[in-house]
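Keep the structure open while you read.

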Amino acid sequence: MTSEYKLRPFDPCPVPKIGVMDSAESGKSVMRLNINAKYLFVDDKGGIVHEYYVPSNPDIHNVGGYVGKVAMFRDPAMREHFEREGITRESFNSPKFPILRTRSPQIDLLVYQYILYMRAELKVERFSLFDHGCSVGEHHDLLDMMLRAGSGGTLNAESVLDYRGLDKSAILLAIAKMMHENVDPDHFELLLLEGTEFDERNTTDLSLSIGVVNHVHNPMKALEKILTMTRRATFLALWVTSEDEGFWAVNHVGNPSYFFSIKDLAGLANARPDGRFLVADFILESDSTQPNSYIGIGSDRIASMGSYHFIYTTLADPPYSDNQLAL
Amino acid sequence: MPKDLSWCVGKFAYPHGSDKPINFMELKDFMLDDAFDFSHLFLVRTMRRSVIAEEFSDEGLKSFIERDDASELASAGAKLLKQIADRSGKRPVVSEVYPGVGVTYEYMKLMWERDGREPFTYHGIGESAYGRKFITVQAVDQDWRDFSYAEVDTISIHNIEEMSERSDLLIINLNRHFRSEAAATIDAGACLAVMKSSVLVSVRVSESDEEVIRTTIKGIERRLPALSQIIESFLATGAPWRFKYLPGFDEGFMLPGANERAGILLAYVAPGQVEVAGFSETVKFSN
């Protein structure tokens with residue numbers, strides 16, 4: 001059998017040191033973009049030999065990762081792993097389940113630890129949880145798995161959580177509904193809304209937002225609303241800049257995405273003075289799995305960007321050893 | 001000498017009117033095949049529950065679905081199964097080799113339910129990479145609980161024979177396997193000798209005189225049997241095979257190769273005079 005082709009991967013658009021959107025002026029200009037997704041094959045002169053277009057809608061791309069996560073979080077082998085190894089940072093770093101090492105599960109572990117603490121210390125049996133940007137409800141599944149494994153099957157997400165998920169994607173919510181048809185609707189609610197448009201008068205014990213606050217219409221307002229409506233603890237992955245001022249970038253979908261400054265966070269903490277930001281983790285954008293996520297941003301500016309895993313809590317003595325963010 | 005090519009898959013952002021991208025973000029594996037297959041499956045499931053699946057009205061997904069033969073295969077499968085079930089009067093059993101996450105199965109459920117029938121029993125057999133995914137998305141479908149998935153990475157003729165024995169209809173979805181990155185594959189012709197039940201096959205073919213090798217966009221080299229030869233081998237069994245050929249169907253999934261066209265051949269055989277519209281005793285093509 002003779003090979004037709006010898007293929008090697010390439011980056012068709014390496015990140016420049018200075019991006020076209022990096023200057024202060026460019027942040028005020030408007031650029032019309034065409035975005036598509038495809039397989040691209042080029043010859044040694046850069047000529048296009050073949051293209052194969054695929055859906056470019058990010059909601060559809062997200063379906064793969066999130067439904068795939070649900071499949072992993074419902075795997076009996078994962079439950080056995082938790083029952084054998086415990087539900088700890090160590091068991092989450094096991095090479096057997098690489099998914100547990102990733103951002104969202106690490107934050108779900110914090111939520112789980114908080115729930116256990118509140119149940120044991122404050123004798124609270126049931127919690128409301130607001131999942132801001134819930135996609136297909138995969139956080140519900142991992143929390144369900146941890147609660148079942150950690151309790152010998154006496155607890156589950158339905159018995160402990162009143163879950164309220166919000167997402168602006170009708171596709172993801174339709175799938176979330178179909179994936180959770182077995183869950184009592186009294187304890188599993190889904191809201192189709194833009195991420196700033198929820199009603200903060202519907203208070204919640206716990207809230208969760210993994211990177212979603214950054215790309216809603218009004219990030220400062222959305223984060224303030226989440227902190228205000230949450231009685232006990234907010235769990236956040238938040239993209240930030242070390243620059244003095246926060247700034248807007250354009251993400252790979254063509255949507256605006258805001259990078260918070262420390263000054264922004266200090267202002268928000270003032271709006272809710274009975275709590276504080278604890279830092280669970282920090283990941284430099286250049287170390288993330290998708291550093292090319294922002295259009296027109298050069299490597300110099302990417303070096304100033306990163307994401308915090310925060311817990312904003314009103315508890316005086318939370319069940320973590322994490323440090324308070326100096327604001 | 002093999003031709004050297006550079007390749008990538010991802011999302012490109014171009015300033016309007018320019019062909020020079022200002023951003024490229026690689027799409028990971030799970031944002032590709034799994035994403036499209038799950039979306040396709042849930043689109044069909046939504047169609048089962050409402051007349052219009054507005055949530056999934058996406059042009060890119062629609063274009064992708066047009067390049068997937070799942071609905072064609074399921075349509076033929078459902079029509080065959082109805083005739084088989086009507087004759088036997090029993091709850092039918094369907095098996096599918098290489099079902100992926102179960103898109104063909106989902107279409108068959110849709111067509112079965114629209115006919116007001118009770119669920120059939122279903123067994124899938126295929127790559128272990130799909131096992132958990134298949135089970136997870138099928139287990140939440142309340143009314144269709146009688147299913148299984150056997151994880152077998154290298155399917156043997158013996159597996160095919162066993163599946164055939166336990167089924168009223170065996171679907172061999174070689175096109176689904178062709179699209180995957182799995183290495184081993186069974187040969188459609190070699191399966192013929194062990195068939196015990198009605199069979200429906202989907203296989204990529206070449207219109208050349210001989211088998212050809214083509215490279216898929218995944219960089220996997222696949223053998224494409226010659227259309228004329230595979231039809232000959234089907235008919236040599238003496239069974240009343242029926243064929244439907246889809247010339248040029250999703251040909252872009254393969255890198256440019258030989259001059260001969262390629263396509264997808266659907267073929268079935270069933271006891272008695274079972275006829276499915278669109279299928280015929282022979283295939284005409286331009287070779």
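Take Cys13(A): its sulfur sits 10 Å from the closest cysteine sulfur, the one in Cys8(B), which is too far for a bond. Seen from the other end, Cys8(B) likewise has Cys13(A) as the closest cysteine, with 10 Å between the sulfurs. A disulfide here means a pair of cysteine sulfur atoms within 2.5 Å, and the structure holds zero of them over all chains. Both of these cysteines are tucked away: Cys13(A) is buried at a relative accessible area of 12%, and Cys8(B) is buried at 4%. (Buried is under 20% relative accessible area, exposed is over 50%, and partly exposed lies in between, using a 1.4 Å probe and protein chains only.)

A word on ground rules. This is a predicted model, so local features need pLDDT of at least 70 and side-chain atom pairs count only at pLDDT 80 or more, while totals for chains, interfaces and linings use all residues. Residues are numbered from 1 along each chain as its sequence is written, chains are lettered from A and ligands numbered from 1 in the order in which they are written, and side-chain values use heavy atoms, with hydrogens and water left out.

Now to where the chains meet. Contact, meaning heavy atoms within 4.5 Å, involves 68 residues from chain B and 65 residues from chain A. The buried area, which is the accessible area (1.4 Å probe) that the two parts lose on being put together, summed over both, comes to about 6300 Å², and carbon and sulfur atoms give 62% of that. On the chain B side, Leu5(B), Trp7(B) and Lys11(B) lose the most area to chain A, together 11% of what that side buries.

What about polar links? Between chain B and chain A there are 29 residue pairs in polar contact, both residues at pLDDT 80 or more. (A polar contact is a pair of N or O atoms within 3.5 Å; within protein, one must be able to donate a hydrogen and the other to accept it, and residues adjacent in sequence count only if both atoms are side-chain atoms.) Several elements of chain B each supply at least two residues to the side touching chain A, including β1 (3–15), α1 (33–49) and α5 (128–139). Of these, β1(B) gives the most, with 13 residues. Helices (H or I, at least four residues) and strands (E, at least two) are DSSP runs, numbered from the N terminus.

How many salt bridges cross between chain B and chain A? The count is one, where a salt bridge puts a side-chain nitrogen of Lys or Arg within 4 Å of a carboxyl oxygen of Asp or Glu. It joins Glu181(A) to Arg49(B), with the closest N and O atoms 2.4 Å apart. Glu181(A) is partly exposed at 33%, and Arg49(B) is partly exposed at 39%.

Over all chains, the whole structure has 39 salt bridges. The crossing pair runs from the loop between α7 (170–179) and β6 (188–192) of chain A, where Glu181(A) sits, to Arg49(B) in helix α1 of chain B. Within chain B, Asp115(B) and Arg117(B) form another, at 2.7 Å between the closest N and O atoms. Shared partners also link Glu181(A) and Arg49(B) into one network whose members include Arg45(B), Glu106(B) and Asp141(B).
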